[in-house]
Amino acid sequence: MTLNLCILTPNRILWDSEVKEIILSTNSRKIGVFSNHAPIAATIDIGILRIRLNDQWLTMALMGGFAKIDNNEITILVNDAEKGSDIDPQEAHQALEIAEANLRKAEGKRQTIEANLALRQARTRVEAINAIS
Amino acid sequence: MAMAALRREGRRLAPLISPRTITAVRSSPLYPTLEDEGPLGVRHISTQVVRNRMKSVKNIQKITKAMKMVAASKLRAIQTKTENSRGLWQPFTALLGDLPSADVKKNVVVTISSDKGLCGGINSTSVKISKGLHKLNSATGPEKETKYVILGEKAKAQLVRDSKKDIELIITELQKNPLNYTQVSVLADEILKNVEYDALRIVFNKFQSVVSFVPTVSTVLSTEIVEREAESGGKLGDLDSYEVEGGETKGEILQNLAEFQFSCTMFNAVLENACSEQGARMSAMDSSSRNAGDMLDRLTLTYNRTRQASITTELIEIISGASALEG
């Protein structure tokens, strides 16, 4: 009984093949999904998704969206997603520093919220790289 | 000076000869007004006029050919994006269903059209369908209302004329920057904020191939209607079998889901419409340059005939003048 995972963003299909297990971080907690899971509709927060193929773990950074788990088919729809291996560590660290600096500089509610969002995204990308190594 | 005398002699005889040439050209239905008094005083079609016309038709042909190539290259760029975005709204339809027949009180028709013209009939078909939806809804009951949200100049021009009071929101110049999801999701947010709705019907032209564009309607229902339909069973009945995760109440999650569905469907619809616009423009410009080519051929024939007629006329003048002098 194999689990089929499909990760879709508005710009492209990121993943469409079989996996053994995934660990998804929803808004409330992290859930692990094996085959024959009960049907679930979940919201995904900005965080990492871990995928296990055979004995290897892969990480992806997801920027918020939805997941539907049904009948051994997982469909994840997110605003943006990046494979951990595709992220350049230098660039991700730099982005994190810039985001932190922006947060300190931010004035006004809207700028603070935007800066917070950017910070969480940058942090997720850095986590995605670290989780592999 | 002798030539001038010959010419003057020839002029007396010319009206006897030239009517034949003139009627030959007059029978061509396109140019009844090209006849004028040329500088020689002889009635003949001016080659200058025909030449000017040929020049302008040639320019038109060049321009339309260039427009066709521009449209073809833009189409290629946007087509990959569209195909990638198609996968996104299908899971939503699988989960929440696409129910065009849902019975709702407040319908909002989102008409997507282009900003620029010269793209064939796609905008007219979208507007026709939007008006049809409006009529369909108002026909079924008095308390049903339909409002329009218009994207694009062309639909705005057509709908403002007769349905001005039903228009909620008009958005134009969508394609100034290359289309991306962030921009469209902000747009979708605006629409959701400002417009009360039970069902949103997005009208656009789906891009099947370079020569075929199918007008389509995608329906997105608001959360209350989704709950209502889910309770009454049918396609949405299995929605309840899903356990919902995510920390908030089920209602809030469904609301988020509906908003996400709307922005994804909008993104896909806008991209498909842009593809259809470029494809329609390609075929319109292609037929236009072909027509210009045909017109150029006809004009060339006329030009040659005119030229030969004027040469014949001059020859006859000279010869008859010369023979008059001799004889």
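Okay, let's start with one residue: Ser276(B), which sits in helix α7 of chain B. Before I go on, keep in mind that this is a predicted model.

So, is Ser276(B) buried or exposed? It's buried, with a relative accessible area of 0%. And what does Ser276(B) touch, once we leave aside its neighbours within four places in sequence? The contacts are Ile122(B), Asn205(B), Lys206(B), Phe207(B) and Phe213(B).

Staying on helix α7 of chain B, go along to Ile318(B), which has its place there too. With a relative accessible area of 27%, Ile318(B) counts as partly exposed, because that value falls between the 20% and 50% cut-offs. If you want a sense of distance, take Ile318(B) and Val49(B): they're 269 residues apart in sequence, and C-alpha to C-alpha they're 25 Å apart in space.

Now, what packs against α7(B)? One helix that does is α5 of chain B, residues 181–194, while α7 itself covers residues 250–326. The angle there is about 125 degrees, and the axes are 9 Å apart. That angle makes α5(B) oblique to α7(B). The crossing, as α5(B) passes α7(B), is right-handed. By class, this contact has eleven nonpolar, two polar and one charged residues. If you're picking them out on screen, the α5(B) side includes Tyr181(B), Leu187(B) and Ile191(B), and among those they meet in α7(B) are Glu259(B), Phe260(B) and Phe267(B).

Let's move to another helix pair in chain B: α3, residues 122–139, and α4, residues 153–162. They pack at an angle of about 40 degrees, with their axes 9 Å apart. So α3(B) and α4(B) are oblique to each other, and their crossing is right-handed. From α3(B) you've got Asn123(B), Ser124(B), Val127(B) and Lys131(B), and from α4(B) there's Lys154(B), Ala155(B), Gln158(B), Leu159(B) and Asp162(B). The class count for this contact is three nonpolar, three polar and three charged residues.

Last stop, the other chain. How many residues of chain B are in contact with chain A? It's 22, and they meet 24 residues of chain A. Between chain B and chain A, the buried area is about 1900 Å², with carbon and sulfur atoms giving 66% of it. On the chain B side, Tyr242(B), Glu245(B) and Phe260(B) lose the most area to chain A, together 33% of what that side buries.

Note on methods. Residues are numbered from 1 along each chain as its sequence is written. Chains are lettered from A and ligands numbered from 1 in the order in which they are written. This is a predicted model: local features need pLDDT of at least 70, side-chain atom pairs count only at pLDDT 80 or more; totals for chains, interfaces and linings use all residues. Side-chain values use heavy atoms; hydrogens and water are left out. Axes are lines fitted to C-alpha atoms, for helices over the stretch in contact, and angles run from 0 to 180 degrees between N-to-C directions. Helices (H or I, at least four residues) and strands (E, at least two) are DSSP runs, numbered from the N terminus. Angles under 35 degrees count as roughly parallel, over 145 as roughly antiparallel, 65 to 115 as roughly perpendicular and the rest as oblique. A crossing is left-handed if the near helix is turned anticlockwise from the far one by less than a right angle, and right-handed if clockwise. Contact means heavy atoms within 4.5 Å. Ala, Val, Leu, Ile, Met, Phe, Trp, Tyr, Cys and Pro count as nonpolar, Asp, Glu, Lys and Arg as charged, and the others, Gly among them, as polar. Buried means under 20% relative accessible area, exposed over 50%, partly exposed in between (1.4 Å probe, protein chains only). Buried area is the accessible area (1.4 Å probe) that two parts lose on being put together, summed over both.
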